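Here's a quick briefing on the fold and a few spots worth a look.

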Amino acid sequence: MTKTLFVTGGTGFIGSHLVERLVRDNYRVILVKRSSSDTWRIKPLLEKVTSYDIDDTPMGEIFC
């Protein structure tokens, strides 16, 4: 069974390394970020995570 983790701050320095490790360790990652966040650090990982822009998506939709 794959574990799912909810990550905020995943586009920053420390968070991007955390997301990279979680993906490598086969976790399902749900990433919440601002639509204005620069995703260059995790660009290769974006197709492997589920990403939501918190300023565009209500929190209730993320957890349904």
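For the strand talk below, two strands count as paired if DSSP finds at least two bridges between them. By that rule β1 and β2 (residues 28-33) pair, because five bridges join them. Bear in mind that this is a predicted model.

**The sheet**
- Three strands make up an open sheet, ordered β1-β2-β3, with parallel pairing.
- β1 (4-8) and β3 sit at the edges, each pairing on one side only.
- From one strand to the next, the twist averages 20 degrees.
- The β1 and β2 strands run parallel, and Thr4 stands opposite Arg28 in β2.

**The helix across it**
- Helix α1 (residues 13-24) lies across β1 and β2.
- Relative to β1, helix α1 runs at about 170 degrees.

**Lys48 and its loop**
- Lys48 belongs to the loop between β2 and β3.
- Is Lys48 buried or exposed? Its relative accessible area is 52%, so Lys48 counts as exposed, the cut-off being over 50%.
- Lys48 and Arg28 are 20 residues apart along the chain, and their C-alpha atoms are separated by 8.3 Å.

**A nonpolar patch**
- Which residues make the nonpolar surface patch? Phe6, Ile54, Met59 and Phe63 do, and the patch covers about 370 Å².
- Ile54 is placed in the loop between β3 (50-53) and α2 (59-62).
- Ile54 counts as partly exposed because its relative accessibility is 32%, which falls between the 20% and 50% cut-offs.

Terms used. Residues are numbered from 1 along each chain as its sequence is written. This is a predicted model: local features need pLDDT of at least 70, side-chain atom pairs count only at pLDDT 80 or more; totals for chains, interfaces and linings use all residues. Side-chain values use heavy atoms; hydrogens and water are left out. Patches are made of residues with over 30% relative accessible area and no salt bridge: like charges are joined within 9 Å, nonpolar side chains (Val, Leu, Ile, Met, Phe, Trp, Tyr) within 5 Å. Accessible areas come from the Shrake-Rupley method with a 1.4 Å probe; for residues, only the protein chains shown count as cover. A salt bridge is a side-chain nitrogen of Lys or Arg within 4 Å of a carboxyl oxygen of Asp or Glu. Helices (H or I, at least four residues) and strands (E, at least two) are DSSP runs, numbered from the N terminus. Buried means under 20% relative accessible area, exposed over 50%, partly exposed in between (1.4 Å probe, protein chains only). Axes are lines fitted to C-alpha atoms, for helices over the stretch in contact, and angles run from 0 to 180 degrees between N-to-C directions. Contact means heavy atoms within 4.5 Å.
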